[in-house]
Amino acid sequence: MRGMLRRQALALWLLALLAALSMAGCGGSKPSNEVDMGVAAFQQASVSVKAGTTVHFVDPNTGGTHIICVGQATQCVSQAGAPAALNDPHGLQFNQGDSRDIVFPTAGTYIVVCIIHPGMQVTVMVTS
Ligand SMILES: [Cu+2]
């Protein structure tokens, strides 16, 4: 009887430890394919995804209006292999609260800029 109680206590302790570990693993951290927009800056400098998978662009309710595209500085410059939505010369507008999953079909390195906010850019590295 004593031994059984001890085993149960040990099992409970292990369960608690596992729960704590799994919560630590996702304690507020974002998915690795997520790019967040602040008021005037991307919150990540770079993101890496596999070709054919999505980058999750999020403009939170506390963000701002952004117009993003593949480009340089505050200009859209189309690039072979970039997603069509981001190769648009007018860019893709995000308003506060918007989020979009954009598929990057082709391996390469793409600089995504915001044409409203100078210096707002994120490097998307797409691996094969
Ligand atoms: Cu912006």
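Two strands pair if DSSP finds at least two bridges between them, and strands (E, at least two residues) and helices (H or I, at least four) are DSSP runs numbered from the N terminus. The views below show a predicted model, in which local features need pLDDT of at least 70 and side-chain atom pairs count only at pLDDT 80 or more, while totals for chains, interfaces and linings use all residues. Residues are numbered from 1 along each chain as its sequence is written.

**View 1. Strand S4 and its partners.** Five of the seven residues of strand S4 (residues 66-72) are buried, so S4 is largely enclosed by the rest of the structure; a residue is buried if 20 or more other C-beta atoms, placed from the backbone, lie within 10 Å of its own. S4 pairs in the antiparallel sense with strand S6 (residues 92-94) over three bridges, and here Ile-67 stands opposite Gln-93. With strand S8 (residues 108-114), S4 also makes three antiparallel bridges, and Ile-68 stands opposite Cys-114 in S8.

**View 2. The hairpin of S4 and S5.** Two residues lie between S4 and S5 in this hairpin, and Ala-73 in the turn has a positive phi of about 50°. The two strands, S5 covering residues 75-76, pair in the antiparallel sense over two bridges, with Cys-76 in S5 as the bridge partner of Gly-71.

**View 3. The open sheet S1-S3-S7.** Three strands form this open sheet, in the order S1-S3-S7 and with mixed pairing; its edge strands, S1 (34-36) and S7 (99-104), each pair on one side only. Strand S3 (residues 53-58) is joined to S7 by six bridges in the antiparallel sense, and Val-58 has Ser-99 in S7 as its bridge partner.

Key. Buried ≥ 20, exposed ≤ 12 C-beta atoms within 10 Å, placed from the backbone.
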